[in-house]
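The following exercises are intended for a reader new to this structure.

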Amino acid sequence: MKNITLVVGARPNFVKASSLCAAVARRPALRLRLVHTGQHYDDNMAGVFFRELGVPEPAVNLGVGSGTQSWQIANTILELERELISNRPDFLVTVGDVNATLAASVVGSKLGICLAHVEAGLRSWDLRMSEEGNRVVADALSDVLFTRSADADENLLKEGIPAHRIVRVGNVMVDTLLRFRSEARTSAVR
């Protein structure tokens with residue numbers, strides 16, 4: 001049995017987590033622990049996604065909440081470190097490019113936990129965007145980089161990431177869209 005901790009913090013993460021959690025649930029040799037940083041915390045920003053996309057309730061919510069980006073990242077690092085020391089996984093999985101992604105990557109790297117980044121290699125080439133910095137750091141620290149496209153693979157290779165650490169898996173956002181296509185068609189939301 002391999003223990004996986006998946007860290008989520010914001011709306012885009014919840015959509016991606018839906019398909020990731022479903023995939024892990026189909027594999028009896030894997031056990032998933034979902035950790036929510038609390039970056040997005042109210043019902044409209046978090047709860048509705050968990051309910052409507054079938055994301056399991058998190059094992060823990062770190063309750064980080066609102067603040068400046070630096071404050072949010074620092075507090076996520078402190079709280080997540082405690083969590084991962086108490087419940088050390090075999091693999092730590094991060095998704096996307098939000099503050100939770102950066103914080104989890106730093107903590108996982110410092111604790112020597114095998115780190116995987118889903119949606120690795122995406123680039124805007126504008127480091128003034130906080131998300132771009134989060135992506136670059138997460139990719140540099142990750143042991144396994146799950147990409148969605150050939151251009152993401154190429155970006156990582158150009159940055160010096162060895163090819164054996166890059167695994168193209170497709171687009172988890174599209175996977176979630178396809179899983180909930182019929183629900184979307186009958187939704188009252190237009």
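Predicted model: local features only at pLDDT ≥ 70, side-chain atom pairs only at ≥ 80, totals over all residues.

Two strands are said to pair if DSSP finds at least two bridges between them.

**Exercise 1.** Determine which residue of S4 is the bridge partner of Thr5, and state how many bridges join S1 to S4.

*Solution.* Begin with the strands: S1 covers residues 2–8, and S4 covers residues 91–95. Next, look across from Thr5, whose bridge partner in S4 is Leu92. Finally, count the bridges: S1 and S4 run parallel and are joined by 4 of them.

**Exercise 2.** Describe how S1 pairs with S2, and find the handedness of the crossover between them.

*Solution.* S2 spans residues 30–36, and its pairing with S1 is parallel, with 7 bridges. Within this pairing, Val7 has Val35 of S2 as its bridge partner. Now follow the chain: from S1 it passes through helix H1, residues 11–25, and reaches S2 in a right-handed β-α-β crossover.

**Exercise 3.** Explain why S1 is described as largely enclosed by the rest of the structure.

*Solution.* A residue is buried when its relative accessible area is under 20%. In S1, 5 of the 7 residues are buried, so the strand is largely enclosed by the rest of the structure. For the protein as a whole, buried residues make up 44% of the 190 residues.

Notes: Residues numbered from 1 in each chain as written. Heavy atoms only, no water. Buried < 20%, exposed > 50% of the residue type's maximum accessible area, 1.4 Å probe, protein only. Helix = DSSP H or I, 4+ residues; strand = E, 2+ residues; numbered from the N terminus. Right-handed = clockwise from strand over helix to strand, strands pointing away.
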